[in-house]
Amino acid sequence: MFVVGTAGHIDHGKSALVRTHTGIDPDRLPEEKARGMTIDLGFAWLTLPSGDSVGIVDVPGHERFIKNMVAGVGAIDAVIFVIAADDGWMPQTSEHLDILKLLGIKTGLVALTKVDLVDSEYLEMQKKDIAARLAGSFLERAPIIPFSTRANIGKREIIAALQDILQRHITRITYDSPRLYIDRSFTIKGIGTVVTGTLIEGELRTGQEVEICPSGVRSRIRSLQTHKQSIQVAVPGSRVAVGITGLSTQEAPRGAALVYPGFFRPTDTIGVQLRVLPNIGLPVKNNEQAYFLLGTSITFGRIRLFEGAAVAPGGQALASIYLNDKICCRLADRFIIRRISPQMTIGGGIILDWNFGQLKLKKARQLQLLESRRNLDIASVVNTELIKDDKLDSSFLKLNSCFTSAQIDKYIADSVSVVQKGAAIADKSQYDKYIEPAIQALAEDHALRPWAPGMNIGDFSRKLRIPAWKASDIVNYLISTGKFAQISGLIKLAEHEPHLTPSQKQLSGKLFAILSASPLAAPSKKDFIAEDPAYEVVINFLRDKGELVELKGELLFTASDFAEISEKIVKLIGAEKKVTASRIKDYLNTTRKYIIPILERLDALEITKREGDFRVLGEKP
């Protein structure tokens, strides 16, 4: 399924050529028939010898209806460029060619019409003139085919050339969402609202929920037709009539786009690569207001240049455009700009950033962002979005994108420059910059407090000046590098093993000697710290390593002494089946100050179990 558009000066025979090849009169409006000229878009179709179906969009040639011409050719696969042999190259011939170039049309043929009105010598002269004017354009090598409706010349040749062009040169990109710019919206009794347009990408299916962009109102597809035939699925390249439910023509106007919900977000500020036509006379000035045409939409836009006061004819520039109305667009879409007075096409360009109004960066940084996007490769788009938002939901990348969801997901999964956590992604360099400062901060802390397992997250974040909301993600990333570890909520260098200083080791030896000399009558932790505050760090370190046992009341035991005491209690209960705390106290020759905390710990460990005033063996004696 292909779509071909006509282009050329008024009264050069575009509509007559379409009627001859299709048997359909594309001039549908009474005013068009009365005046003998195309005012709005006309539509027809034909079937090539290959069996391929071709929709034809017939566009107006008059300068007053250029906006309608742009609406028609923005979604075509190829163009039939029409030039009358008797008139030759005319003003709208040039303007239509400029528009086709700016919109990125890549192939087509030239129909040299009304050849019955000139002699062979004049015809050859026109061919040479046309070929010279097309030099350097996408039609430079296009066939120039003489044609006459009245003399029945060239019909077969045009069909053959069209078939060859479409089969050899047309490729399409598949996107997740269809997009159909509405060029007509009307009501049919018994059906309701019907919108028509060229389906430039994706598929439409009956029963599918759709959204009108930019308004956001939703509907459902009731019916589909192409070339007056009912279908269930419309494919890219189709001229489609879509019956939609529950909406008026005002809610689905010309200029809006029919899309799937959730794939597009409307915008009124875009970043662009602007190209100015060479023969426009005056330059395009900074802050100039112009008509902005994209798809079938037309609005006013104010052009803000990043550098210089103007763009000279034939020049290019990066710019932002502030639109009076929201539009539905995709990255890499092409657009046309026309001067308001005098009305003329002055340039066009390509959309590099559809969400430029949300950019909170300095002007120089904005320019740098657009410069890096000139080629619109997936890496530059992802990386520049991360400049705008350093913690980005990956679903945002799929809005208005010129890449599929699968392409974006694969890039993120394979990228060495992106960090992903769930749906969120971040620029890896924004995390890597913390690695060396973190190593230095922790090395200093370990040197100062070698006994400490690590730094708490709050102190670590303040040391590195990490925003509180970002701290958790950065810590998790640092740990993922393998250079850092987290123990009990504390962060440390992976190779760091907590240890005591020589003086602390001496103090620990003294501590063990005192505790082991009289385990059931030893001083408490509080007593040791009162004697020497340095004991606190040593005791906590040994306790955390399992070499000391600290009980309620800050009672301390060496691990081996506590194990020996536990064994004696288990042995006593095993012999007597159940015993009181008082019996155990007498058995161990100690006081309640020590025995009650010991039994509570054994109960907690399920070594013993309390039954009234007695202790029996627990589940884990």
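A cavity is found on a 1 Å grid over the protein atoms alone, as a set of points where a 1.4 Å probe fits but cannot get out; lining residues have an atom within 4 Å of a point. Points are joined across faces, edges and corners, and a volume is the space filled by probe spheres set on them. This is a predicted model, where local features need pLDDT of at least 70, side-chain atom pairs count only at pLDDT 80 or more, and totals for chains, interfaces and linings use all residues. Residues are numbered from 1 along each chain as its sequence is written, and side-chain values use heavy atoms, leaving out hydrogens and water.

Q: How many cavities of 30 Å³ or more does the structure hold?
A: The largest cavity has about 70 Å³ of space. With the 30 Å³ or more cut-off, the number of cavities is two.

Q: Which residues line the second largest cavity?
A: By class, its lining has six nonpolar, one polar and one charged residues. The lining residues are Leu331, Trp354, Val381, Glu385, Phe396, Leu397, Leu399 and Ser401.

Q: Which exposed residues sit on the face of α9 turned away from its buried side?
A: Helix α9 (a DSSP run of H or I, at least four residues) has the buried residues (under 20% relative accessible area; exposed is over 50%, 1.4 Å probe, protein chains only) Ser405, Ile408, Tyr411 and Ile412. They cover an arc of only 135° around the axis (taken from the directions from the axis to the C-beta atoms), which puts them on the same side of α9. The face turned away carries Ala406, Lys410 and Ala413.

Note on methods
Helix = DSSP H or I, 4+ residues; strand = E, 2+ residues; numbered from the N terminus. 1 Å grid on protein atoms, 1.4 Å probe; cavity = no way out; pocket = protein on both sides within 12 Å on 5 of 7 lines; lining within 4 Å. Nonpolar A, V, L, I, M, F, W, Y, C, P; charged D, E, K, R; others polar.
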